[in-house]
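Me: I am new to this structure. Please show it to me, and then let us go through it by question and answer.

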Amino acid sequence: MIRIRPYKATDADTILSWCQDEKAFYRWTAGILGDYPITQKEFSFVESLFPFTAFDETGIIGFFTLRNPNKSPDELRFGFVIIDSDKRGKGYGKEMLRLGLKFVFEIYGAARASLGVFENNLPAYYCYKAVGFEDVILDTAETYCVLGEEWKCKELVLYNI
């Protein structure tokens, strides 16, 4: 059974160990946390958000943050969503997101949850879609220059019904 709890600084080493290569790191962070590889000190930036750690009986299995993108109580935005590389593709990400959504809608009381995902991160995109997130059609996609390439970001949203 997966549960979530507030992030602790002692979780950082485990979470940071899941990004073994530069491309995976930038898919996860978009470079917002710094350059690959980042330090625990750089990662401590997440403490300024609403950071959560997912765990089960084997230990830490996932991590995500929430934040108010426009200081509006109506929306919380997921960020830095990651699952232990050994647990990916087994439903842990979907379950962790569902628990995060319970927090967003039932505890915090937001009307919608949002997130961004790079077009080249199809496993994450399909995970978000499976949980119920829908594509937002924008006139122009947010684009990042990563490792000499242009990466487009898809915007997704889920409304509380």
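This is a predicted model: local features need pLDDT of at least 70, side-chain atom pairs count only at pLDDT 80 or more; totals for chains, interfaces and linings use all residues.

**Loops, a strand and a patch**

Me: Is K71 buried or exposed?
Reply: The relative accessible area of K71 is 73%. Exposed means over 50%. Therefore K71 counts as exposed.

Me: What is phi of K71 near?
Reply: K71 is a residue other than glycine. Even so, its phi is positive. The value is near 60°.

Me: Which loop holds L147, and what is its phi?
Reply: L147 sits in the loop between β7 (142–146) and β8 (149–159). L147 is not a glycine, yet its phi is positive. The value is about 50°.

Me: Is L147 buried, partly exposed or exposed?
Reply: Its relative accessible area is 43%. Buried needs under 20%, and exposed needs over 50%. L147 falls in between, so L147 is partly exposed.

Me: Where is T65, and is T65 buried or exposed?
Reply: T65 lies in strand β3 (residues 59–67). Its relative accessible area is 2%. Buried means under 20%, so T65 is buried.

Me: Which residues does T65 touch, leaving out those up to four places away in sequence?
Reply: Some of its contacts are V46, L49, F50 and P51.

Me: What joins Y36 and P37?
Reply: Y36 is found in the loop between α2 and α3 (40–43). P37 is also found in the loop between α2 and α3. Omega between Y36 and P37 is about -10°. The link is a cis peptide bond.

Me: How many Å apart are Y36 and G59, C-alpha to C-alpha?
Reply: In sequence, Y36 and G59 are 23 residues apart. In space, the C-alpha to C-alpha distance is 25 Å.

Me: Which residues is Y36 in contact with, aside from neighbours within four places in sequence?
Reply: Y36 is partly exposed, at 27% relative accessibility. Its contacts include C19, Q20 and D21. Also among them are E22, F25 and Y26.

Me: Where does D21 lie, and which residues share its patch of negative charge?
Reply: D21 is in the loop between α1 (12–16) and α2 (22–29). D21 is partly exposed, with a relative accessible area of 38%. On the surface, D21 gathers in the patch with E22, D35 and E42.

Methods. Residues are numbered from 1 along each chain as its sequence is written. Side-chain values use heavy atoms; hydrogens and water are left out. Helices (H or I, at least four residues) and strands (E, at least two) are DSSP runs, numbered from the N terminus. Buried means under 20% relative accessible area, exposed over 50%, partly exposed in between (1.4 Å probe, protein chains only). Contact means heavy atoms within 4.5 Å. Patches are made of residues with over 30% relative accessible area and no salt bridge: like charges are joined within 9 Å, nonpolar side chains (Val, Leu, Ile, Met, Phe, Trp, Tyr) within 5 Å. Accessible areas come from the Shrake-Rupley method with a 1.4 Å probe; for residues, only the protein chains shown count as cover. A salt bridge is a side-chain nitrogen of Lys or Arg within 4 Å of a carboxyl oxygen of Asp or Glu. Lys and Arg count as positive and Asp and Glu as negative; His and the chain ends are not counted. The place of a charge is taken as NZ of Lys, CZ of Arg, CG of Asp or CD of Glu.
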